[in-house]
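This report describes one protein model, starting from a single residue and moving out to the whole chain. The sequence and structure are shown below.

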Amino acid sequence: MKNKYIRSLKGNDVDVYDVLKAFDVRCPAMQHAIKKMLCSGLRGYKDTEQDKREAIASIIRSIELENDGEVK
């Protein structure tokens with residue numbers, strides 16, 4: 001089965017999690033939103049619109065967590 005998250009970048013195979021680590025994204029809600037946006041509609045069981053709506057919800061949750069002082 002092909003990993004839907006792996007992409008070739010400048011001759012190297014990377015996945016969403018490599019990108020999150022490279023950009024030091026620590027908030028789990030923001031990680032979820034970024035994954036949804038990068039892989040929108042590509043995973044086969046949700047369409048692009050649903051993934052975008054879920055990304056928005058995750059960004060809102062990330063803001064709430066930051067406002068509560070739970071993440072930076």
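Leaving aside residues up to four places away in sequence, Ser58 touches Ala29, His32 and Ala33, where contact means heavy atoms within 4.5 Å. The model is predicted: local features need pLDDT of at least 70, side-chain atom pairs count only at pLDDT 80 or more, and totals for chains, interfaces and linings use all residues. Residues are numbered from 1 along each chain as its sequence is written, and side-chain values use heavy atoms, with hydrogens and water left out.

Ser58 lies in helix 3 and is buried, with a relative accessible area of 10%; buried means under 20% relative accessible area (1.4 Å probe, protein chains only). From Ser58 to Lys35 the C-alpha distance is 10 Å, at a sequence separation of 23 residues.

Helix 2 (residues 28–38) has Ala29, Ala33, Ile34, Lys35 and Lys36 as buried residues. These buried residues pack against helix 1 (16–22) and helix 3 (48–67). Helices are DSSP runs of H or I with at least four residues, strands are runs of E with at least two, and both are numbered from the N terminus.

The protein holds three helices and two strands, in the sequence order β-β-α-α-α.

| Property of the protein | Value |
|---|---|
| Span of the C-alpha trace along its principal axes | about 40 × 25 × 20 Å |
| Buried share of the 72 residues | 31% |
| Share of contacts with a separation of 6 or more that join residues 24 or more positions apart | 36% |

Definitions and conventions:
Buried means under 20% relative accessible area, exposed over 50%, partly exposed in between (1.4 Å probe, protein chains only).
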